[in-house]
Amino acid sequence: MTRISLLVTISILLLSLLSSLTSCAVITSSSPPAAELMYEWSSLVFDWSNIPQSVYDTWISLNGSEHCMLAGIKISHTGDVYVSVPRWTPPGTVPSTLNKIVPNPQVDGGYMLQPYPSYDMNKEGDPNALQSVLGYEIDSSDRLWILDQGKVNSQPAIPGAIKLIIWDITTNTLVKKYVFSEQEAGASTSFLNDIVINTHVPGGSLFAYITDSGLGLKPSDPVHGALIVYDYGTNTVRRILDSVESTQPDESLWITINGDKVLADAPMRTGADGLALNDDGSVVFWCPLTSTIIYALPTSILHYSNTTDEQIEQDVIRVYDKGCASDGLAYANNGVLYITSISNSSIIAIDLSNGNSSVVVHDSALMVWPDTIGFDHKGSIMFVSNQLYKFVEGVLDFSQTNFRIWKVWIGANSYLDDDN
């Protein structure tokens, strides 16, 4: 299929979506599936058995338990659950930014976070180790594709810290590493957020697509949202759609949750955030967090170095207005796009074959700020709810349960699982 015919096909599909999709604010469902609460914590509990005593002592002195927020979740094909705890808080307060959940009946919630792949690979201040992880993906060969934001406590990243690490879970070894240049992801201006992997590129190549939310060091700094295309074969990247409408926040939008404004002093301004790839790898979808719009782009144009930035921007399609802000997106191998609805504490399913949409789960009390979505490869999605905006504002009540991981049966698996 030529690029032009692909664009026509996508446009027809998305026009049908525009005519049939209902705003997130009023979507209803007669019998949504029940959500199973898998894990919960008032404050996160870490496995300190292989972490130096001095690190623990510093963490205690800084009241570190109130500086750690659960964010990302992905599940391996053997059932291990991996979660991220980004280092957005003062140095010494987050012992490990990437972790595996392990049981411990003696701690709060019955489970704790074990540094993955090791404490040394999470050592703060070492540019070769993971500095601050938010987004990552697990491919069909159980390799972790890990985005390291590099910045700790909203300070400029140290040289070499902003990177992509590909780690083989089965062999516990490094597969490949890419360090971003200042032009590709700035030490003070980038915020690597999410990643999807395309295994359907002609010729057998592997590509990954990354959202950069483009956050500066202060909330008032200009936002420089973008997408980044990574070529696994050549170990090179290209930054695209830098600071254009489709990757920038909607400055007029002030997100509300349960009637409360997100951030009291000024609207949250976050660029390209949620990201999804359809199951044949032909279309990538994304949305700025501070926006109600989902955008799409045919991936074929991204695999050729001779395409210009102007050509790529012209091929961006404004898919539809969701009527709500979203954080995580996820595409299942049954053709359904799952989106988080921050404003409504919900997960929404959109069938891209016909435009039908429905609420998967909703709980305005217990699912506040649904964040990342992962697949358990057994027919269910799992997602984090973390009250992110309250954590950012420093108003979480740590005597109450704050962080939860949910599982919901959908009868489908990840966009990558057809490759097994």
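Predicted model: local features only at pLDDT ≥ 70, side-chain atom pairs only at ≥ 80, totals over all residues.
## The β6 to β9 sheet

Let's start with an open sheet built from four strands, running in the order β6-β7-β8-β9 with antiparallel pairing. At its edges sit β6, covering 133–138, and β9, covering 173–179, and each of these pairs on one side only. Going from one strand to the next, the twist averages 20°.

Now zoom in on one pairing. If you want a spot to look for on screen, find K163: standing opposite is V179 in β9. As background, strands in a sheet pair through backbone hydrogen bonds, in either a parallel or an antiparallel way.

## The β10 to β13 sheet

Further along there's another open sheet of four strands, ordered β10-β11-β12-β13, again with antiparallel pairing. Here the edge strands are β10 (192–198) and β13 (236–240), each pairing on one side only. The twist averages 20° from one strand to the next.

Which strand does β10 pair with over six bridges? That would be β11, residues 207–212, and the two run in the antiparallel sense. Within this pairing, I195 faces I210, a residue of β11 that stands opposite.

## A negative patch on the surface

E245, D250, E310 and E313 come together as a surface patch of negative charge. One of them, E310, has its place in helix α3, which spans residues 309–314.

Conventions. Residues numbered from 1 in each chain as written. Heavy atoms only, no water. Pairing = 2+ DSSP bridges. Axes fitted to C-alpha atoms, helices over the stretch in contact; angles between N-to-C directions. Patch = residues over 30% accessible without salt bridge, like charges linked within 9 Å, V, L, I, M, F, W, Y side chains within 5 Å. Areas by Shrake-Rupley, 256 points an atom, 1.4 Å probe, with all protein chains shown as cover. Salt bridge = Lys/Arg side-chain N within 4 Å of Asp/Glu carboxyl O. Lys, Arg positive; Asp, Glu negative; His and termini not counted. Charge placed at Lys NZ, Arg CZ, Asp CG, Glu CD.
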